[in-house]
Amino acid sequence: MGRFLASRLLQAIPVILAVITVTFFLVRVAPGGPFDSEKAVIPEVKAALEAQYRLDQPLFSQYLAYLGDLAQGDFGPSFKYPGRSVNELIGAGLPVTAELGLYALLIATLIGGLAGVIASLRPNTPQDYVPMALAMIGICMPTFLLGPLLVLVFGIELEWLPVSGWGDIPGDKILPSITLGAAYAAYIARLSRAGMLEVLSQDYIRTARAKGLPEWQVVVKHGLRGGLLPVVAFLGPAFAGLLAGSFVVETIFQIPGLGRFYVQAAFNRDYTMILGTTVFLSTLIVLFNLLSDVLAASLNPRLRHQYQTGGMP
Amino acid sequence: MFFSRSSLYGLGVVLAMTLGLSACTGGESNVERGNRDQTFHYGNGSEPQGLDPHVVTGVPENHLLRALFEGLAVKNPYTLEPEPGVAQSWEFSEDRRQITFHINPEARWSNGDPVTADDYVWSWMRALHPDTGNLYSYMLFPLVNAEEFFTGKIDDFAEVGVKAPNPLTLVVTLKEPTPYFIQLMDHYSTFAVHRPTLEKHGKFTDRFTKWTRVENIVSNGPFVLEEWLLNRRITMKKNENYWNADFVRLNRVVFYPTENLVSEERGFRAGQLHYTQSIPLDKIPVYQAMEDSPYVQEPYLGSYFYLLNTQRPPLDDARVRRALSMSVDRDTLINTVLQKSAVPSYSITPPGTLGYHPPKTFSYDIEEARRLLAEAGYPNGEGWPGIEIIYNTLEAHRKIAVAIQQMWKDALNIEVTIANQEWKVYLDAVATMNFDVGRRGWIGDYVDPNNFLDLYLSDGGNNNTGYANPVYDDLILNKAPQAPNREERFKVFYEAERMLMEEMPIIPIYIYTSKHLIHPSVCGLPANLMDSLNLRYVWLDPERRSPSEPCT
């Protein structure tokens with residue numbers, strides 16, 4: 001296991017370095033710069049600003065300087081928000097986005113897992129069709145539609161829940177979490193149904209039933225463990241995806257998370273912020289993929305054996 | 001049994017969650033609570049870049065900075081005329097080139113230090129220092145030698161036209177009479193900052209210091225910073241050290257970064273905001289139809305127009321430019337596409353800027369437009385080489401471009417293509433004049449025709465049309481400043497603008513309006529041409545249920 005972990009971590013370094021390099025040069029190719037605005041900038045002002053951000057140096061030495069700073073964990077100062085470092089901005093947005101992602105994932109796993117299991121117990125009956133049809137709607141319904149719909153019903157019409165904000169008014173975290181979680185719940189429902197169907201047709205389930213175990217024990221004790229494996233494999237990348245992809249939900253509900261910074265940075269040509277968030281999120285994705293591999297191994301003895309003998313999954 | 005036991009269990013969980021949802025309901029809204037304790041919940045458009053008045057630019061920043069700081073003079077929100085701020089009075093010299101400001105001896109920084117004339121000398125040195133990189137440094141260029149100091153031609157700030165003979169007197173010397181200079185004292189780029197605080201946190205020209213953080217900032221306005229949660233809210237409370245604190249009735253103001261118009265409008269409906277920065281276009285008819293509507297729309301000191309690249313054929317011919325402008329049916333455009341939320345314009349300067357009314361040199365006239373186009377060599381559009389309109393990606397810009405494209409096709413039988421560009425790409429195209437026709441907006445920084453007309457000086461940085469006319473330059477640069485009074489000065493501007501509109505390097509389309517939803521409890525916040533917010537005047541009247549009722 002240790003060797004597996006070490007080799008995966010080593011593999012991550014060139015991946016992240018490539019991400020940094022490609023992003024660094026790609027944002028510089030884009031037309032326009034961080035200091036362009038609708039009002040013409042006096043050349044002297046522009047020169048002074050560029051000097052403060054090292055933009056007056058040759059591109060390659062800027063790149064090397066950036067790598068140097070990065071090695072010390074410094075993402076540099078933001079262009080758009082003078083007086084704030086990118087570290088600080090990520091630090092402010094990440095806990096919010098992570099919390100939102102976590103709730104969304106919890107909702108997705110609970111509802112999706114439950115729906116999938118329920119559907120798998122009686123395949124091709126209404127008990128299967130109804131949750132699966134709902135799941136299909138969930139997959140097809142984009143968050144930018146679901147969010148405003150939920151707001152309209154629960155926020156404006158019923159006045160049950162706040163329509164925006166995060167942690168300002170009790171209950172304002174519910175709608176965004178559901179909105180973000182819905183699509184993932186739908187995926188998880190389909191994954192867990194497929195996984196459960198496969199497991200429930202296995203010999204050992206038949207044995208369990210033959211022993212006279214009650215059905216719920218068969219499902220919960222013997223079925224779930226194998227049936228939810230595909231879901232576990234999906235959770236790691238899903239969480240990273242939630243972090244990077246929560247932009248739409250954050251915008252609809254005015255949530256001060258990382259996703260908004262991430263997208264705004266590109267529009268603003270906030271070079272350091274684009275780089276910082278991209279590098280940070282890609283590192284997270286690499287780590288979460290690794291984490292879900294480890295988790296899968298702990299649930300699946302065959303994989304565990306493979307890792308222990310040095311084989312690759 | 002149709003449902004198994006496990007599915008019943010699942011049903012229980014879902015039920016419990018639903019109950020959990022409904023448990024979080026009810027409670028007092030922001031607006032109700034705010035009305036009770038005089039806390040104003042204000043939709044501010046977006047997260048500010050920062051709070052350093054010599055570093056940041058932008059409308060949301062303007063609202064925040066003018067609450068935290070106060071200039072020598074401030075705009076009265078009802079008349080827009082300057083009234084005492086840090087300076088209790090001022091007087092002009094005979095030749096109107098020297099202004100003496102008398103600082104209010106009661107003016108204090110939020111830590112209790114007195115505000116002095118020296119604070120201004122030092123702060124203006126900072127605002128003009130080339131290393132500060134102040135985008136609005138030109139606001140102080142009317143001062144003698146300010147531009148020279150800024151561009152590095154002189155190093156000694158003592159040569160710049162601002163002196164402090166004693167702590168309560170500030171003497172300003174101008175290059176030439178500048179009637180709007182007093183107005184500029186309410187622009188944040190001319191505000192004083194607290195020297196000891198800045199010097200404590202780094203080099204005075206440094207953009208990256210932490211002096212504006214809640215725990216560090218010292219300011220001199222009606223409010224002080226209490227809380228700054230990034231992308232969430234900025235809370236200010238009343239500044240007890242403010243010289244005019246007795247006049248201030250609000251206890252707190254909470255500014256929200258309401259970037260998403262749709263969410264902002266929903267927040268207003270749900271009682272989370274007293275005031276919205278804007279409103280989605282498609283909601284305007286709904287609110288306009290309401291009785292006692294919270295919707296407030298007023299002309300705004302901003303022009304929306306199309307730039308024409310006068311150096312590229314066929315737009316290098318003034319007749320073509322006039323033909324294009326005459327065949328835009330502005331009334332139809334505004335009534336349909338813009339939901340009556342704008343005012344048609346036939347000149348660049350918005351009408352009514354301190355009594356100035358621009359000339360109207362043309363009207364919607366298809367026949368005349370066709371004649372001009374034929375005269376220029378394109379009868380009924382024959383031989384037309386084709387042009388392209390560029391605009392930055394935004395639904396409203398697209399709709400306008402599509403409508404104008406069709407109007408030109410119908411009226412003149414000419415082919416026009418439209419192309420949207422991402423914001424920075426569009427800025428680059430405009431700055432390098434890589435376009436035929438380009439969308440443009442200009443918002444005035446001060447109420448004076450000069451703010452719009454000096455755009456089209458031959459070497460104006462924001463000209464972007466290639467238009468150059470020495471006679472026009474002379475009118476704006478020499479004749480107008482020399483005019484003995486406002487009336488004569490406006491006559492010069494009128495003549496210049498008439499000339500500009502004959503040459504037509506731009507096609508004026510409409511004058512902006514400010515559009516807000518304002519809760520009836522909000523008092524002392526009149527609509528004005530600059531959409532200028534002066535929080536000193538604002539208070540909340542919980543008893544007021546409709547905008548037609550008087551405030552108490």
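**Two chains, questions and answers**

Q: How many bridges join strand 1 of chain B to strand 10 of chain B?
A: Strand 1 of chain B and strand 10 (residues 252-256) of chain B run parallel. One facing pair in this predicted model is B:Gly43, which stands opposite B:Tyr256 of strand 10. The number of bridges joining strand 1 to strand 10 of chain B is five.

Q: Is B:Asn231 buried or exposed?
A: B:Asn231 lies in the loop between strand 8 (223-229) and strand 9 (233-238) of chain B. Its phi is near 60 degrees, a positive value in a residue other than glycine. A residue is buried if 20 or more other C-beta atoms lie within 10 Å of its own. B:Asn231 has 23 such neighbours inside 10 Å, so the residue counts as buried.

Q: Is B:Asn380 buried or exposed?
A: B:Asn380 has a positive phi too, near 50 degrees, and its place is in the loop between helix 12 (366-375) and strand 13 (387-392) of chain B. B:Asn380 has 12 of them, so the residue is exposed.

Q: Which residues is B:Pro344 in contact with, leaving aside its neighbours within four places in sequence?
A: B:Pro344 sits in strand 12 (residues 343-344) of chain B, and with 18 other C-beta atoms within 10 Å it is partly exposed. Its C-alpha atom is separated by 39 Å from that of B:Ala87, which is 257 residues away along the chain. Beyond those sequence neighbours, its contacts are B:Arg330, B:Asp331, B:Ile334 and B:Tyr510.

Q: How many helices are there in chain A?
A: Turning to chain A, its elements from the N terminus on run α-α-α-α-α-α-α-α-α-α-α-α-α-α. The chain has zero strands. Its count of helices is 14.

Q: What share of the residues of chain A count as buried?
A: The C-alpha trace of chain A spans about 85 × 60 × 30 Å along its principal axes. Among contacts between residues at least 6 apart in sequence, 72% join residues at least 24 apart. Of the 313 residues in chain A, the buried share is 42%.

Q: Where in chain A is confidence lowest?
A: The mean pLDDT of chain A is 85, with 97% of its residues reaching 70 or more. Confidence is highest in helix 3 (residues 59-71) of chain A, at 92. It is lowest, at a mean of 71, in helix 14 (residues 301-308) of chain A.

Q: At roughly what angle do the axes of helix 4 and helix 12 of chain A cross?
A: A:Leu89, A:Ile90, A:Gly93, A:Leu94 and A:Thr97 of helix 4 meet A:Leu258, A:Gly259 and A:Phe261 of helix 12 in chain A. By class, this contact has five nonpolar, three polar and no charged residues. The axes of helix 4 (residues 86-121) and helix 12 (residues 258-268) of chain A come within 7 Å. Helix 4 is oblique to helix 12 of chain A, and their axes cross at roughly 130 degrees.

Q: Which helix gives the largest share of the side of chain B that touches chain A?
A: In all, 51 residues of chain B are in contact with 49 residues of chain A. The elements giving two or more residues to the chain B side are helix 1 (5-23), helix 8 (261-269) and helix 14 (423-431) of chain B. By class, that side has 18 nonpolar, 23 polar and ten charged residues. The largest share, seven residues, comes from helix 1 of chain B.

Notes:
Residues numbered from 1 in each chain as written. Chains lettered and ligands numbered in written order. Predicted model: local features only at pLDDT ≥ 70, side-chain atom pairs only at ≥ 80, totals over all residues. Contact = placed C-beta atoms within 7 Å. Helix = DSSP H or I, 4+ residues; strand = E, 2+ residues; numbered from the N terminus. Nonpolar A, V, L, I, M, F, W, Y, C, P; charged D, E, K, R; others polar. Pairing = 2+ DSSP bridges. Axes fitted to C-alpha atoms, helices over the stretch in contact; angles between N-to-C directions. Parallel < 35°, antiparallel > 145°, perpendicular 65-115°, else oblique. pLDDT = per-residue confidence, 0-100.
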